[in-house]
Amino acid sequence: AVCGSLGAVGASLLPAYEELLAGCPPARRPDLALGLALVALYRQAGWGEEAVAQAQRAREILPASAYLGRLLATCYRETRRFDDELALRKALVAQHPDDPRLGVELARCYLRRGDWEAALATCRQVVERAPQNLEARLLLATLECRRGDYAQAVRNARAATGDHPNSAEAWRLLVSGLVATGDLKAAAAALRRQAASGAYLVPPALERAITALAERKWNEALDQCQRGLAGPEPRPILHYLAGLACEGAGRLDEALRHYMDAQWRWRGQLAAHVAVARVATRQGRHGVAAGAWRAAVAQAPHRSDLRLELARALVRAGRPDEALEALHGLKPADAQARLAVAAERARALVAAGRAKEALDLAERVLDEDPAHRGALATALEAARRLGATARALALLEKAHGQVPKAPGGGDLGLLLLLSGRPRRAFNQVRTEAQEKKPPTVQVRLARIAAAAALAAGELEQAAELA
């Protein structure tokens, strides 16, 4: 009777109530029925604590009931007793490991608390146990998109479209993941497969825009994006696709504007932040790029490569102290990634005016990789600021002695010349000049060679080079 008075909400509860009453000892059925009715009434009236008390009493009657546990957890959430909710949901998953609904609800509980990693791990466990559960697959793919793990997101979204071909959300996530990875041809193919199923799940403008992008028809793609955004179903991904079209056409100002729109409207997509940073860097707008990288780091703090890019942008923007702060405590597991972080830290130290610390750190990187271009450039700049010609020369000689294609450009020859070894300087520069170099580098090499020849008393060679 009470369920009937609650309209559609009550009608949705009737099957669960009937199942509970069937499993309840006959003597306790009136108590359970009354408790459930009071929970519903108190929740509807906004009396949260009274609803919690009645849900707790009802659960004492059937402590093994997953439904009553979920009901009590919901009451905890509605009364902002978040720790109690989390503890109960974890207990329910342990008690009913084969019920995917409980795992998904635990994952969403973690999300409300901002614990993205725990939510991701929980979703993965649910998918392992119930691979065909649509809600778990979609939530897992959504979280992976947020982290920038697009390959995994595509794999899970594709599995969801296979098991549930009429799920619009599954197709949306699949297309989003493929677009974010830059695989536009695969995205277009996925849309054709979806269209062949006969279900109308994706607006035509979106399909045509992606197809045009895959064919590098930038103006047509932009036109379709604008049509889609002005139509009845303005999908947020269209802002990102418009950015791709403008970037492909070389219209970087427009591309940046569209990508910035995508940052706000295509929510939860790491690719939008990366696109803003990429275009802003090409334009020399390093402060804008730093802001985009910072947003990306906030969204995927586990990604050391994003923090490294943030530090690079901050150094370019003239904010080396912030770059050092961004790199603080960053210790990637991969050895090459650790060297990259150390080299970038050294570059930030130089920019911050701490040349001696920078040189010491860059030298440690070069001990492991004598031809690390970033560390070598930083070491040379730090040594120049310190006037440490001998140290710079030793580093360059070591690099050229151990690595066949060590960085050139005349630095070694110039340092040899400054160190009073003009003949070696001349020979080194002439050797480098035989390799294919940009015109500006060739001019620099010729000038150093001429100076070295002059210092060695080779006046005719100096005159020829001049």
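**Exercise 1. Find which residue with positive phi follows helix α19, and check the length of the helix.**

Step 1. Gly318 comes after α19 and has a positive phi, near 80°. Helices here are DSSP runs (H or I, at least four residues), numbered from the N terminus. The model is predicted: local features need pLDDT of at least 70, side-chain atom pairs count only at pLDDT 80 or more, and totals for chains, interfaces and linings use all residues. Residues are numbered from 1 along each chain as its sequence is written, and side-chain values use heavy atoms, leaving out hydrogens and water.

Step 2. Buried residues (under 20% relative accessible area, 1.4 Å probe, protein chains only; exposed is over 50%, partly exposed in between) of α19 include Leu306, Arg307 and Leu310. The buried residues of α19 pack against α17, α18, α20 (320–327) and α21 (335–351), where contact means heavy atoms within 4.5 Å.

**Exercise 2. Work out which residues of α16 are buried and how they are arranged.**

Step 1. Leu252, Ala255, Leu256, His258, Tyr259, Ala262 and Gln263 are buried in α16.

Step 2. Seen down the axis of α16, the buried residues fall within an arc of 165°, so they line one face of the helix. The arc is taken from the directions from the helix axis to the C-beta atoms.

Step 3. On the other side of α16, Asp253, Trp264 and Arg265 are exposed.

Step 4. The cover over the buried residues of α16 includes α14 (218–230) and α15 (237–248).

How values were computed. Helix = DSSP H or I, 4+ residues; strand = E, 2+ residues; numbered from the N terminus.
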